[in-house]
Amino acid sequence: MAPRETTVAASVVTDMLQYLADRGVPAAQAHFEARIKPASLASADARIPGSQVERLWRFAAEATDDPLVGLHMGADYNPGALDILGYVILSCGTVGELLEKFVRFASILNDGLRIELVREKSVAYLRCHFVEDADNYLLRTPAQAIDTIWSGVARELARLPVMPVTAVEVWFCHTVAAHQIAEYRRVIGAPVKFNVEDDRFILQLSDLEQPLRSANAALLEVFERHADTALRELQQHD
């Protein structure tokens, strides 16, 4: 039996398509090139096969003439792309709680992705892993997705806490051209390192105590129940 194919939330793919449309790329062309049927995006709970998302990333880089399209897309994404996870994150009390919920529910966005939060001496870091016992496009072409995740995290940590939080350093397993490094530093707002053993987003441990402007414990409880249901249904489907 062939391994199952990992999937991505339709809300994420819809946001990718909107990013391209805003830059003059017709949705119909993107659908055709990625082999995505528009009807498959109609439901908020829909899942899109990873192979289609892989083709969409390739097309996005070509259509925008931007090899760093993932980096720029993450810095410009619509929070609605996160669906229920976005509401959970907005309601968290602190940066630490935000990161813990992100880790817990990240697979709702991409079930081929796992993220862990590690606390180590004076720093804490997010680290990405990819599901290996599946047909997982992230094992083949992870760079655009990782760029999007880290630039998106950088954006949220700059705007949600009472005092903006910036990374100590951000790591990428993939390599980039020397002239592209400055653009990563600009978008991420922190030092970056490439061709290393892990994809990591590193913070000062003390930054996890920073409160969020939008903290709401009552709403967090409600949204977290919904996210738990979505995660459970996804796991049962798998």
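Start your tour by selecting strand 5 (residues 169–172) and strand 7 (residues 200–204): they run antiparallel and are joined by 2 bridges. Strands here are DSSP runs of E with at least two residues, helices are runs of H or I with at least four, and both are numbered from the N terminus. Two strands pair if DSSP finds at least two bridges between them. Keep in mind that this is a predicted model, where local features need pLDDT of at least 70, side-chain atom pairs count only at pLDDT 80 or more, and totals for chains, interfaces and linings use all residues. Residues are numbered from 1 along each chain as its sequence is written, and side-chain values use heavy atoms, leaving out hydrogens and water.

Now click on Glu169. Which residue is its bridge partner in strand 7? The partner is Ile202.

Select Val170 and you will find Val192 of strand 6 opposite. To get from strand 5 to strand 6, the chain passes through helix 8 (residues 181–188), and this β-α-β crossover is right-handed. That means that, with the strands pointing away from you, the path from the first strand over the helix to the second runs clockwise.

Let's move on to helix 5 (residues 84–91). Here 6 of the 8 residues are buried, meaning under 20% relative accessible area with a 1.4 Å probe, protein chains only. Select them: Ile84, Leu85, Gly86, Val88, Ile89 and Ser91.

Time to look inside. A cavity is a set of points, on a 1 Å grid over the protein atoms alone, where a 1.4 Å probe fits but cannot get out; a pocket is an open set with protein on both sides within 12 Å along at least five of seven lines; lining residues have an atom within 4 Å of a point. The largest cavity has a volume of about 510 Å³, volume being the space filled by probe spheres set on the points. Select Val12, Leu82, Leu109, Thr148 and Ile149, the closest to its centre of the 28 lining residues. Helix 7 (143–159) gives the largest share of the lining, 7 residues. The lining holds 22 nonpolar, 4 polar and 2 charged residues.

Finish at the largest pocket, with a volume of about 330 Å³. Among its 14 lining residues, Asp45, Arg47, Ile108, Ala230 and Glu233 are the closest to its centre. Which helix gives the most to this lining? Helix 9 (residues 217–237) does, with 6 residues.

How values were computed: Nonpolar A, V, L, I, M, F, W, Y, C, P; charged D, E, K, R; others polar. Buried < 20%, exposed > 50% of the residue type's maximum accessible area, 1.4 Å probe, protein only.
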